[in-house]
Amino acid sequence: MVSINALFSQTYRVLVGSGAVLLLSSAIMTSANAADIAATYDNSCAACHDSGALNAIKKGDSAKWQQLIKQKSMPTLINSVKSGMTQMPAGGLCNSCSDDDYRKLIEYMSK
């Protein structure tokens, strides 16, 4: 007969091991997503947001980005990117981006 302590100990080890695997896989996925956003930025946004061309807010100008996010709200900014603006084409040169991708790109540029 198995004691309750032995059973609890075995169950605890399995749960802790599973949690470690979940944490590790989550960290790997987060890192991969960050790399994807950086690559998407380089391919779609950098042409204007690195240099400030056509009055684009530069990547890393946190104060201006935070002011814009506060002024317009993230959902409004995402819709603006999707629709295009005076000097930015619809989708911001990213034809495959989702709303979540646009949010992550805006957050990436604002840091």
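Colleague: Which residues touch the most other members of the largest nonpolar core?
Modeller: Tyr41, Trp65, Tyr102, Leu105 and Ile106, out of 19 residues in that core. A nonpolar core is a set of buried Ala, Val, Leu, Ile, Met, Phe, Trp, Tyr and Cys residues joined through side-chain atoms within 4.5 Å. This is a predicted model, where local features need pLDDT of at least 70 and side-chain atom pairs count only at pLDDT 80 or more, while totals for chains, interfaces and linings use all residues. Residues are numbered from 1 along each chain as its sequence is written, and side-chain values use heavy atoms, without hydrogens and water.

Colleague: What does Leu105 touch?
Modeller: Leaving out residues up to four places away in sequence, Leu105 touches Ile37, Thr40, Tyr41, Cys45 and Cys97. Contact means heavy atoms within 4.5 Å.

Colleague: On to cysteines. How many disulfides are there?
Modeller: One. A disulfide is a pair of cysteine sulfur atoms within 2.5 Å. Cys94 and Cys97 form it, with sulfur atoms 2.0 Å apart. The link is right-handed, with 90° about the S-S bond.

Colleague: Is Cys94 buried or exposed?
Modeller: Buried, at 8% relative accessible area; Cys97 is also buried, at 15%. Buried means under 20%, exposed over 50%, and partly exposed in between, using a 1.4 Å probe and protein chains only.
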